[in-house]
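Colleague: I am new to this model and would like to know what stands behind the words used for it. Please give the value and the cut-off each time.

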Amino acid sequence: MLGRGLRVLGRAIRTEPRLFIIGAAGSSLFGLLVIANSYVVGAVTGRVVVPAFTEHRAGVRELAVIAAVFVGISVLRVASIFGRRLGAGYMQFALQARYRRAVTRRYLALPPAWHQKHSTGTLLSNANSDVEAAFVPIAPLPFAVGTIVMIVAAVVSLFFTDWVLALVGVFLFPALFGLNYVYSRRMSPRQIRAQQLRGKVSAVAHESFDGALVVKTMGREADESRRFRVHVSELRDALISVGRLRGAFDPVMDALPSIGTLAVLLLGAWRLQSGAITVAEVVSVAFLFTVLAFPVRAIGWVVAELPRSVAGWERVQAVLGATGDLAYGTATTPGTGPAALIFDQVSFSYAGGADVLHDVSFTVPAGKTVALVGATGSGKSTIASLAVRLVDPAGGTVSVDGVPLPELTASALAGTSALVPQIPFVFDDTVRGNVTLDRDGIDDDATWKALRMAQAEGFVEKLPGGLDTAVGERGTSLSGGQRQRLTLARALAGRPRLLVLDDATSAVDPRVEAAVLASLRDKDAGASILVVAYRRATIALADEVVYLEDGKVVATGTHTALMASEPGYLGLVTAYEKNDEVEVQA
């Protein structure tokens, strides 16, 4: 653990060397001034205090010089403390900011398949408490480095003063390091478990808050409280275990310098009687051991936090080192206007599972609308994800205008296609902010045009602030249908050449849905459309229908032709229609 912790600190120093040098230099100066101060105190005792008692006199000039020396040392100590704290503080916060940004960038780069394996609460913990924990030892690190410089200088000065008194330091300082080593080994598993439990508590809390509507409507408040209490209790017990060990360690660390001071006084009295040393030297060494107690604690602070630092660092590195990135090419899509989408013998399976798509082949011709129809679990949403390259197929090729999606640049892919998912996500922002996402070239005219095509213009005009109306977290001030239309307007504002709708109008009534789809088919939309459809009216608007069963394309054709030739398709669409009638009656 000590080696792993030192490697973390080494990485931090290499990342912010200038700030570390500032902090370490200030701390080293402080340590040397502590030693100098102890010898000044000894000199004052031997040359001023003792003569004042024995000869009943005190020279004004000598007192003035002593006062000036103490003031000078104090000023330098203030400057050294300022440098130490400035360097340590800036270094710690700079590292935390740097790695929080790195973790966030990594989150954005990793594909949805990776995110599906990790809870949101754990991801929040990685970016927040784990990054913070990784660099907790940075605050006392320069102080600890300065303390080591001070200890080395102190041992050297002790040998110059008296070798017998120096032996006290020779035994004391290794004892301090040995105690820190034992403490680190015992603390390591406790800190690792506590850090893991912090992530678990964060995950459970996020899940409960995110599902507040379900919890309230199902009357599960007490159950969620009990579930949360179990994890919080585990974290409490883990932190108490950490506190117990720290409580046993701290007094021993405080006691060792005091024991050293006592040893110096006893040995010093003996050496003084033998005439080997002077009163000034005894006072200097005793004073030095007295003031060592606090600086030496800095080493303990660093060592005490190393296990927690290692635990946080390894959790952060698990994110930064995660694999599964989608590699992009250098190609762009040729031409403008609606794009053609081609699935050629595409197969796909989720990690560790069976294939959910088997040799799927179909085409969305440029400027046409193709509907995907199939029972739940037939692979429709997976096809929608493949169409915009949220995931890559296990076999076969997905291409746009004849260019395989992996060969496109990231910007070319984003500019060509847009996905409107089943569950709309609305940011805690204004209507304008949600539609434009601060993208270049989308002014208010383009925003209103996108809202009009999504049949959202009417309700936005009625909002108190129009485009400037704040919609709340996840769009809480909007209805489900309004959120879907706002999400659709966001996609349309970017003028994609291929629009993929994954059941994107399920929360709006059939009349509004028909109007939305009719506006999308208008030539002004300028996009080919792949739509996951359930309602018969929606399906009937498509130029072609792709009928899926168990991840396979069973048939393609117009809605009318499939109704006549495919019994399974007829039964499914009829079931959808009956379900819609029941909902309307309800």
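Colleague: How many salt bridges does the structure hold?

Modeller: This is a predicted model, and it holds 11 salt bridges.

Colleague: What makes the contact of Glu-314 and Arg-4 a salt bridge?

Modeller: Their side chains meet at 2.7 Å, N to O. The cut-off is 4 Å between a side-chain nitrogen of Lys or Arg and a carboxyl oxygen of Asp or Glu, so the pair qualifies. Glu-314 belongs to helix α10 and Arg-4 to helix α1, 310 residues apart.

Colleague: Why is Glu-314 called partly exposed?

Modeller: Its relative accessible area is 39%. Buried means under 20% and exposed over 50%, so Glu-314 falls in between. Arg-4, with 31%, is partly exposed by that rule.

Colleague: And Glu-16, which pairs with Arg-98: is Glu-16 buried or exposed?

Modeller: Buried, because its relative accessible area is 15% and the limit is under 20%. Arg-98 has 36% and counts as partly exposed. The two side chains meet at 3.1 Å, N to O.

Colleague: What joins Arg-432, Asp-444 and Asp-468 into one network?

Modeller: Salt bridges that share partners. One of them links Asp-444 and Arg-432, with the closest N and O atoms 2.9 Å apart.

Colleague: Now strand β3, residues 369-374. Why is β3 described as largely enclosed?

Modeller: Six of its six residues are buried, so the rest of the structure largely encloses β3. Thr-369, Ala-371 and Val-373 cover one side, and Val-370, Leu-372 and Gly-374 the other; all are buried. Val-370 has a relative accessible area of 1%, and the limit is under 20%, so the word buried applies to Val-370.

Colleague: How do you know that β3 and β8 pair?

Modeller: Pairing needs at least two bridges, and β3 and β8 have four, in the parallel sense, so they count as paired. Leu-530 in β8 is the bridge partner of Val-370. β3 also pairs with β9 in the parallel sense, over five bridges, and there Leu-372 stands opposite Val-546.

Colleague: Which residues have the most contacts inside the largest nonpolar core?

Modeller: Phe-135 and Ile-138, in a core of 60 residues. Helix α10 gives the most to this core, with 15 residues. Apart from it lies another core, of 47 residues, including Phe-459 and Ile-529.

Note on methods
Residues are numbered from 1 along each chain as its sequence is written. This is a predicted model: local features need pLDDT of at least 70, side-chain atom pairs count only at pLDDT 80 or more; totals for chains, interfaces and linings use all residues. Side-chain values use heavy atoms; hydrogens and water are left out. A nonpolar core is a set of buried Ala, Val, Leu, Ile, Met, Phe, Trp, Tyr and Cys residues joined through side-chain atoms within 4.5 Å. Buried means under 20% relative accessible area, exposed over 50%, partly exposed in between (1.4 Å probe, protein chains only). Helices (H or I, at least four residues) and strands (E, at least two) are DSSP runs, numbered from the N terminus.
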